[in-house]
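I am opening a notebook on this structure and will write down what I looked up, entry by entry.

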Amino acid sequence: ASAIAVHPRTREDRYDVPADWNIIKEVKDSLSIPVIGNGDIWSCYDAKRMIDETNCDAIMIGRAVRGNPWLIKQCIDYLDEGIEPEKITIDEKIAMIKKHAELLSDLKSEKIAMHKMRTHAAYYLKNTYRSSEIKPKLFKITEKEELYDLLEEFKEMIAF
């Protein structure tokens, strides 16, 4: 192998236990090939901490990018330049949901694309003020126009 990715959690662990980054460190300390660390990286600060604690050569991000594709650039900016991440605005999130819906619609029928977008949109809006109020409607959409109308309704709901 020319490199190895290590995710220090078993299938049986599921996500019920934190990833044990010490395992990544042990693998890194015992190999001469690059080691890629994975597990519980939710922010650029987690990425930095993993590299510092394990001495891994790179990181791999999984679940944390669902609904947060900005995380990858935030990690690169922070690790390479020390640039602190900026808060993602609701307008940016909504624009990304629409872009995601458009790209998915190019690949799948509208019915299948919107079925998938229910979950994706919920991830984008997770922990957003009043998002729990539109989730029941979100999980019933079947057409792109419904999604876009619901997003506009949401913007109006949270406008101050």
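**Entry 1: two helices side by side**

I looked up helix α4 (residues 90-107) and helix α7, and found that their axes come within 11 Å and cross at roughly 175°. For my own reference, axes are lines fitted to C-alpha atoms, for helices over the stretch in contact, and angles run from 0 to 180 degrees between N-to-C directions. Helices (H or I, at least four residues) and strands (E, at least two) are DSSP runs, numbered from the N terminus. I therefore note α4 and α7 as roughly antiparallel to each other, the scheme being that angles under 35 degrees count as roughly parallel, over 145 as roughly antiparallel, 65 to 115 as roughly perpendicular and the rest as oblique.

Which residues of α4 and α7 make the contact? On the α4 side I listed Ile90, Asp91, Ile94, Ile97, Lys98, Ala101, Glu102 and Ser105, and on the α7 side Lys144, Leu147, Tyr148, Leu151, Glu152, Phe154, Lys155 and Ile158, where contact means heavy atoms within 4.5 Å. Sorted by class, the contact of α4 with α7 has 9 nonpolar, 1 polar and 6 charged residues. The classes are set so that Ala, Val, Leu, Ile, Met, Phe, Trp, Tyr, Cys and Pro count as nonpolar, Asp, Glu, Lys and Arg as charged, and the others, Gly among them, as polar.

**Entry 2: what kind of model this is**

I remind myself that this is a predicted model, in which local features need pLDDT of at least 70 and side-chain atom pairs count only at pLDDT 80 or more, while totals for chains, interfaces and linings use all residues. Residues are numbered from 1 along each chain as its sequence is written, and side-chain values use heavy atoms, with hydrogens and water left out.

**Entry 3: the whole protein**

I recorded 7 helices and 3 strands for the protein, which follow the pattern β-α-β-α-β-α-α-α-α-α along the sequence. The C-alpha trace spans about 55 × 35 × 30 Å along its principal axes.

In what order do the strands of the open sheet lie? I read β1-β2-β3, with parallel pairing, and two strands pair if DSSP finds at least two bridges between them. The edge strands are β1 (4-6) and β3 (58-60), each of which pairs on one side only. Neighbouring strands of this sheet are turned by 30° against each other on average, direction ignored. Between β1 and β2 (residues 35-38) I found 3 bridges, and Ile4 stands opposite Val35 in β2. Helix α1 (residues 21-30) lies across β1 and β2 and runs at about 180° to β2.

**Entry 4: salt bridges**

Side chains of opposite charge can pair when their charged atoms come close. The structure holds 13 salt bridges, each being a side-chain nitrogen of Lys or Arg within 4 Å of a carboxyl oxygen of Asp or Glu.

I looked up Asp46 and Arg49, whose side chains meet in a salt bridge of 3.6 Å, N to O. They are 3 residues apart in helix α2 (residues 44-54), so about one helical turn separates them. Asp46 is buried at 15% relative accessibility, whereas Arg49 is partly exposed at 39%.

Lys48 and Asp52 also form a salt bridge, with the closest N and O atoms 3.0 Å apart, and they are 4 residues apart in helix α2, about one helical turn. Lys48 is partly exposed at 34% and Asp52 is exposed at 52%.

The salt bridge of Lys137 and Glu153 is 2.6 Å, N to O. This pair links distant parts of the chain, Lys137 in helix α6 (residues 131-138) and Glu153 in helix α7 (residues 144-158), 16 residues apart.

**Entry 5: a backbone angle**

Where is Arg14 found? I placed Arg14 in the loop between β1 and α1, and noted a positive phi of about 50° although Arg14 is not a glycine. Arg14 is exposed, at 56% relative accessibility.

Conventions. Buried means under 20% relative accessible area, exposed over 50%, partly exposed in between (1.4 Å probe, protein chains only).
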